Amino acid sequence: MAEFEHRQAQEIRDACERHGVRYLFIGKSAALLLGFPDTTQDADLFVDRTPENCKSLVEALQDLGFSLNEMQIQEIIRGKDFVQLKNGPFDVDLIFAPDGIERFEDAWRRHVRVEGFPVCHIDDVIASKEATHRRKDLESLPRLRAFREYWMRQQRRMT
């Protein structure tokens, strides 16, 4: 399984922009875009689950080269809580209802832009990891929290 690469984030960003998709990078892919030194196997996207946005997302994914079957298309259009895609040029997890984040609009208000990428704030990344209670996420929390302190200092220096 290949690792998530910056180029993939660029391809996602560009396709989503072309199709007007509202989304945020979340999870480890968001942390990586913020500068967290680690790796992940896929891109995690928190998607605004409005019907129009979900239809645009299907078009963006097909534009990227994903071979979506009818069931996947319907799951995306209805905004199923979690859709895992492994039938494209890279792996993508679509998350319409991430643990630890109440609403897309809440995360959108807090998000940051990194090189044109819409990225969940590090606090939302951490909140989501905490709320999953998955062992691998809980094990990464001390490093993510330490990174948060570093990242917040960097943000204060830039303002």
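This is a predicted model: local features need pLDDT of at least 70, side-chain atom pairs count only at pLDDT 80 or more; totals for chains, interfaces and linings use all residues.
The protein is built from seven helices and six strands. Read from the N terminus, these elements follow the order α-β-α-β-α-α-β-β-α-β-β-α-α. The radius of gyration is 15 Å, which agrees with the value near 15 Å that a compact globule of 159 residues would have. Along the principal axes, the C-alpha atoms occupy a box of roughly 45 × 35 × 30 Å. Of the 159 residues in the protein, 50% are buried.

Helix H2 (27-34) is mostly covered, with eight of its eight residues buried. The buried residues of H2 are Gly27, Lys28, Ser29, Ala30, Ala31, Leu32, Leu33 and Leu34. Lys28, a residue with a charged side chain, is thus listed as buried along with the leucines of H2. Just after H2, Gly35 adopts a positive phi of about 115 degrees.

Aromatic contacts were examined next. A pair of aromatic rings is described by the distance of the centres and the angle of the planes. With ring centres required to lie within 6.5 Å, seven aromatic pairs are counted. One of these pairs is formed by Phe36 and Phe147, whose ring centres are 5.4 Å apart; their planes meet at 70 degrees, so the pair is edge-to-face, the cut-off for this class being over 60 degrees.

Phe104 counts as buried because its relative accessibility is 8%, under the 20% cut-off. Trp108 has a relative accessibility of 23% and therefore counts as partly exposed.

Tyr23, Phe25 and Phe117 are linked by ring pairs into a cluster. Phe117 also has a charged neighbour: Arg13 lies over the face of its ring, at 4.7 Å from the ring centre.

The largest pocket has a volume of about 630 Å³. The pocket is lined by 24 residues, of which Asp44, Asp93, Lys129, Arg134 and Asp137 are the closest to its centre. By residue class, the lining consists of six nonpolar, eight polar and ten charged residues. Several elements contribute to this lining: H2, strand S3 (82-85), strand S4 (92-95), helix H6 (122-132) and H7 each supply at least two residues. The largest share, four residues, comes from H6. H2, whose eight residues are buried, is thus among the elements that supply at least two residues of the pocket lining.

Conventions: Residues are numbered from 1 along each chain as its sequence is written. Side-chain values use heavy atoms; hydrogens and water are left out. Rings of Phe, Tyr and Trp (its six-membered ring) pair if their centres lie within 6.5 Å; planes under 30 degrees apart count as stacked, over 60 as edge-to-face and the rest as tilted. Buried means under 20% relative accessible area, exposed over 50%, partly exposed in between (1.4 Å probe, protein chains only). A charge sits over a ring if NZ of Lys or CZ of Arg is within 6 Å of the ring centre and within 35 degrees of the ring normal. On a 1 Å grid over the protein atoms alone, a cavity is a set of points where a 1.4 Å probe fits but cannot get out, and a pocket is an open set with protein on both sides within 12 Å along at least five of seven lines; lining residues have an atom within 4 Å of a point. Grid points are joined across faces, edges and corners, and a volume is the space filled by probe spheres set on the points. The radius of gyration is taken over C-alpha atoms; the globule rule is 2.2 Å times the number of residues to the power 0.38.
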